[in-house]
Amino acid sequence: MPGHRAESEHQESIGVPRTICVDLDGTLIRSDTLWESVFFVLRKNPFKAMAMLAWVTRGRRYFKDRMSDAAPMDPALMPYHTAFLEYLRSERQRGRTIVLATGSSIKAARRIAQHLDIFSAIHASDMTTNLKGLAKADRLCAVYGPGNFTYAGDSRADVPVWRAAGSAILVNTQGALRKQVGARVTIEREFPPERTELSALVAGLRLHQWVKNLLLAVPLLTAHLYGDASAVAAVALGVLAMCLVSSATYLFNDLLDLEADRRHPEKRKRPIASGILSIPLAAAAALILLALGILLAATLPLPFLYALLGYIALTGGYSLYLKHLAWIDVAVLAALYTLRVYMGGLAIDVPVSNWLLAYAAVVFFSLALLKRSSELRDLISQDRTERARAYHVGQSRTVERIGIAAAILSAAILVAYVNSETV
């Protein structure tokens, strides 16, 4: 093809080496295998967190090896950098040698290499060497000779390797790092980031979901305190605290659900699942948001803070285990929404009617079942037999009928509430 011939002639004119050594984390895949392993293990068995801390104390090499054994992730689900991967395949067809050179565990590297089937050799970390930075540069120079290989990488940790290479391929790299590399070695090809991490982080916060937290204002309205400035301010602080905490829980949920999200046709596009938002940044942002939310809640009445901590614990249990239990999952979702209404009363120290709480619980239970019924109907329309969370397609009619019954019950409770002496 004319385009390929022109590019090949260009490569020959700038004297690029025949061998391309490819980094794994952040380059070939958009994510980091070690961080993925950590959250994979936490999802499967949270109690292994103490074991992981013990592994860390024995050194990075040992930790990588143990995590690779504990988290045998499916390489087919990894978020590969598609354009870069296609480039490597085309270069291999032109006769260049493609080598995997990564600081990740040799076990993880072998799984990736076996799946892609484009690498002629693998250089990775093992129990004796953490193949990163200078160690990687020394290894590649010893095997291929200084300047006799092209190196594809993405981070500052790769600078020593680029210095020893004959040319560079930059993946997801820009700004000062690009200038630093370009000043020392010929840049053969660039694959700039498709999206900034900041925009990906904002998307991961799911700001559109913050509207749910306006449920905290319901007791303010039912108590007719919307003209009380101090009560309005208290509810506003409560809503903001809940918004921060809910965004933190969304990030934690996405971190724990990486594998399941990548199997889903739509959820695989989420910032963390797609690899556009890095796992360390997402985890750090979640912790910061969680801390800020708790600090804000501490300025409100103490029962509100306790309820917020209960909300955090319940959402954690939901993300880790409860959402995989049929009927329990929708009950928990209904409880989380109802808790928001109850917390609105705690923020302004006003008791919430049991009628109102009962109505909220039943109507949100109905809405949760509506969502599950919609997911099951989508599977049926596509002739797919897999489950929608904990439900299989054969339960579609049952889910729908119980949801309708709950909706009717919620209407009856609302009528009784409106006609009660309290109202």
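Helices (H or I, at least four residues) and strands (E, at least two) are DSSP runs, numbered from the N terminus. This is a predicted model, in which local features need pLDDT of at least 70 and side-chain atom pairs count only at pLDDT 80 or more, while totals for chains, interfaces and linings use all residues. Residues are numbered from 1 along each chain as its sequence is written, and side-chain values use heavy atoms, with hydrogens and water left out.

**View 1. Tyr318 in helix α15**. Let us start with a single residue. Tyr318 is buried, with a relative accessible area of 10%; buried means under 20% relative accessible area, exposed over 50%, and partly exposed in between (1.4 Å probe, protein chains only). Ten residues along the chain from Tyr318 is Ile328, and the C-alpha atoms of the two are separated by 9.4 Å.

**View 2. Helix α14, residues 279-297**. This helix has 19 residues and reaches 27 Å from its first C-alpha to its last, close to the 27 Å expected at 1.5 Å a residue (the expected span is 1.5 Å times one less than the number of residues). Its buried residues are Ile279, Ala282, Ala283, Ala285, Ala286, Leu289, Leu290, Gly293 and Ala297. They cover an arc of only 165 degrees around the axis, so they sit on the same side of α14; the arc is that of the directions from the helix axis to the C-beta atoms. An α-helix has 3.6 residues a turn, so residues three or four places apart point the same way. The face turned away from the buried side of α14 carries the exposed residues Leu287, Ile288 and Leu295.

**View 3. The neighbours of α14**. The buried residues of α14 pack against α2 (33-44), α10 (197-205), α12 (229-256), α13 (258-263) and α15 (302-320), where contact means heavy atoms within 4.5 Å.

**View 4. The second largest pocket**. About 1100 Å³ of space lies here. Of the 44 residues that line this pocket, the closest to its centre are Asp25, Gly26, Ser31, Asp32 and Asp154. The elements giving two or more residues to the lining are α2, α4 (60-70), β2 (97-105), α9 (176-182) and α14. On a 1 Å grid over the protein atoms alone, a pocket is an open set of points where a 1.4 Å probe fits, with protein on both sides within 12 Å along at least five of seven lines, and lining residues have an atom within 4 Å of a point. Grid points are joined across faces, edges and corners, and a volume is the space filled by probe spheres set on the points.
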